[in-house]
Amino acid sequence: MNETLYSRRSNLVIGFHGCDQSVVDKVVAGEDALLASTNDYDWLGNGIYFWENNEARALQWAEELAKRKSSSVKTPAVIGAIIDLGYCLDLTDSLCLEELKKGYETLVAMCKETGMSMPQNTNMGNSTDLLLRKLDCAVIETMHKTTN
């Protein structure tokens, strides 16, 4: 059997998600679930983001979010999870990087065919980092939609 992008991986990891304390309270009480982000600028595509084995970094992320005017994070907090990676896009794996390249090439072809411009990664505000990752997100989402 050939290994594919979605070959099952038997790895359990501890993940931490930075959010507001009210979200932690509702999820732990079973009253709500974490919601997947679907912004077109999310670096790694649609989903729920966790920091692997790094509770401090998840809290730092929530604290950074709380500083934004429009943020729903008022009281920064962290929720932990045991995550079975299962079918995982491992960006340290050469096979997965090849699939990522194919996703980029497919996106380029789709944009040319439809006359749409390629998404771009851009900065936000005074930051010099490319925080709005529209190209990265589009590549990941294209790859997920076109990979068998």
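Student: Let's start with α4: how many Å apart are its end C-alpha atoms, and what span should its 13 residues have?

Tutor: Happy to start there, and keep in mind that this is a predicted model. At 1.5 Å a residue, the 13 residues of α4 should span 18 Å.

Student: Which elements do the buried residues of α4 pack against?

Tutor: Let's look at the buried residues of α4 to begin with: among them are Leu135, Cys137, Ala138, Val139 and Ile140. One of these, Ala138, is in contact with Leu107 and Pro119, leaving aside its neighbours within four places in sequence. As a group, the buried residues of α4 pack against α3, β4 (121–122) and β5 (132–133).

Student: Which element gives the largest share of the largest nonpolar core?

Tutor: Good one to follow with. That core has five residues, namely Leu107, Cys111, Leu135, Ala138 and Val139. Two elements give two or more residues to this core: α3 (94–114) and α4 (134–146). The largest share, three residues, comes from α4.

Student: Is Cys111 buried or exposed?

Tutor: Cys111 belongs to the largest nonpolar core. Buried means under 20% relative accessible area. Cys111 has a relative accessibility of 6%, so this residue counts as buried.

Student: How many disulfides does the count come to?

Tutor: A disulfide needs two cysteine sulfur atoms within 2.5 Å. The cysteine sulfur closest to that of Cys111 is in Cys137, and at 13 Å it is too far for a bond. Cys137 is in no disulfide either, and its relative accessible area of 4% makes it buried. The count of disulfides therefore comes to zero.

Student: Over the face of which residue does Arg133 lie?

Tutor: For a charge over a ring, CZ of Arg has to be within 6 Å of the ring centre and within 35 degrees of the ring normal. Arg133 is at 4.2 Å from the ring centre in question. Although the structure holds zero aromatic pairs, this ring does have a charge over its face, and it belongs to Trp43.

Student: Which residue has a positive phi although it is not a glycine, and is it buried or exposed?

Tutor: Look in the loop between β2 (51–52) and α2 (55–66), where Asn53 lies. Its phi is positive, at about 55°. The cut-off for exposed is over 50%, and with a relative accessibility of 54%, Asn53 counts as exposed.

Methods. Residues numbered from 1 in each chain as written. Predicted model: local features only at pLDDT ≥ 70, side-chain atom pairs only at ≥ 80, totals over all residues. Heavy atoms only, no water. Buried < 20%, exposed > 50% of the residue type's maximum accessible area, 1.4 Å probe, protein only. Phe/Tyr/Trp six-rings, centres within 6.5 Å; stacked < 30°, edge-to-face > 60°. Core = buried A, V, L, I, M, F, W, Y, C linked by side-chain atoms within 4.5 Å. Helix = DSSP H or I, 4+ residues; strand = E, 2+ residues; numbered from the N terminus. Contact = heavy atoms within 4.5 Å. Expected span 1.5 Å × (residues − 1).
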